[in-house]
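These are my notebook entries from going through one model. I wrote down what I looked up, in the order in which I looked.

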Amino acid sequence: MISVGIFTGYYPYSMDEVIRRIKASDFNCVQLDVTFKDFDAAKEPLTREKAREIRNAFREANLPVIAVSAYTNFVHPDPDVRRKNIDYLKMMLRHARDLGCPYVASETGTYNLESDWVWHEKNASPEVYDEAIEIIRDLADYAGDWGATFIVENYVNNVIGSVEQVERMFRDVNSKNLGLICDPTNYFDENTIQDVDGTINHIFDRLSPYMKIAHAKDIRLATDTGEKHADIDADASHSFRGSGGVELPAAGLGILNYDLYVRRLAQEHPNIPLIIEHLDEGDIERAKRFTDDTLKRAGV
């Protein structure tokens with residue numbers, strides 16, 4: 001069966017309180033954001049001892065860590081910012097096993113100076129693609145040195161966005177230490193949203209072998225084409241709700257064909273964890289109930 005989890009970053013509390021609330025919501029796994037109120041790896045270095053303390057706390061709570069978040073813009077055009085972002089990602093790869101899971105996740109970023117999710121025309125250039133592939137290859141090699149796997153979350157406004165770009169990335173990097181997050185919502189723009197089912201099937205037909213974990217959010221056409229964020233106590237990667245003509249709300253609040261999504265997911269990966277996201281704390285119960293009901297209808 002597919003297990004249902006949540007990002008820890010949607011709970012703005014100390015680690016112990018985050019664990020208590022996730023258990024109370026009846027989740028059985030987590031994608032780990034090391035951004036608790038009493039320890040934030042984005043603000044102070046993560047050590048082996050601290051990582052193992054975090055891992056053990058989640059293990060004692062019977063909440064397996066299925067991936068570690070390290071979302072950052074690693075193609076940022078400012079070389080100093082880029083180096084800082086890559087160093088952060090490598091720190092998380094270095095401590096992934098200490099945190100309890102080899103999978104470390106990030107999107108591929110954008111050349112936009114103002115946002116990690118807004119399109120920039122240079123994203124489509126062969127030169128920037130080559131830069132991104134060189135960085136991804138280095139991250140995959142580094143991951144291998146530490147027994148980890150770098151898992152990419154593509155996004156339509158980033159350097160790696162489309163099915164074809166993801167497929168090409170895996171071919172060009174050609175590393176066993178590179179994987180993919182299955183999140184069909186990240187492929188939708190104003191054109192692909194006109195064929196939701198066709199896009200979902202295209203994703204699974206071409207990319208299924210690379211998928212390691214899955215995410216659950218939704219899609220709908222946006223009236224505001226700017227960058228959208230929710231007013232919640234969380235970092236930008238969790239308050240983000242889309243950029244351009246497609247909004248990315250919580251699961252069950254849009255037009256994604258969830259029955260088709262989970263059916264294809266279960267066919268290809270019957271025991272994959274599914275992590276809900278893009279919500280505020282007050283919507284967690286509804287989003288989990290929607291996800292659980294969808295999985296029950298599919299018998300998975």
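Entry 1, the largest pocket. I looked up the lining of the largest pocket in this predicted model, and I found 25 residues there, with A42, Y71, T72, N85 and Y88 lying nearest the centre. I noted a volume of about 650 Å³ for the largest pocket. I then asked which helix gives the largest share of the lining. I found that α3 does, with 6 residues, and that α3 (79–94) and α8 (236–239) each supply at least two residues of the lining.

I checked the length of α7, which has 12 residues (196–207) and at 1.5 Å a residue should span 16 Å; the C-alpha atoms at its ends are 16 Å apart, so the two values agree. I next looked up burial in α7, and I listed V196, T199, I200, I203, F204 and L207 as buried. These residues cover an arc of only 130 degrees around the axis, which means that they sit on the same side of α7. I reminded myself that an α-helix has 3.6 residues a turn, so residues three or four places apart point the same way. At the N-terminal end of α7 I found D195 as a cap, with a side-chain oxygen 3.0 Å from the backbone nitrogen of G198.

I located A298 in helix α10 (residues 284–298). Its relative accessible area is 32%, so I noted A298 as partly exposed, a class that runs between 20% and 50%. I also noted that A298 and K212 are 86 residues apart in sequence and 20 Å apart in space, C-alpha to C-alpha.

Notes
Residues are numbered from 1 along each chain as its sequence is written. This is a predicted model: local features need pLDDT of at least 70, side-chain atom pairs count only at pLDDT 80 or more; totals for chains, interfaces and linings use all residues. Side-chain values use heavy atoms; hydrogens and water are left out. Helices (H or I, at least four residues) and strands (E, at least two) are DSSP runs, numbered from the N terminus. The expected span of a helix is 1.5 Å times one less than its number of residues. Buried means under 20% relative accessible area, exposed over 50%, partly exposed in between (1.4 Å probe, protein chains only). The arc is that of the directions from the helix axis to the C-beta atoms. A polar contact is a pair of N or O atoms within 3.5 Å; within protein, one must be able to donate a hydrogen and the other to accept it, and residues adjacent in sequence count only if both atoms are side-chain atoms. On a 1 Å grid over the protein atoms alone, a cavity is a set of points where a 1.4 Å probe fits but cannot get out, and a pocket is an open set with protein on both sides within 12 Å along at least five of seven lines; lining residues have an atom within 4 Å of a point. Grid points are joined across faces, edges and corners, and a volume is the space filled by probe spheres set on the points.
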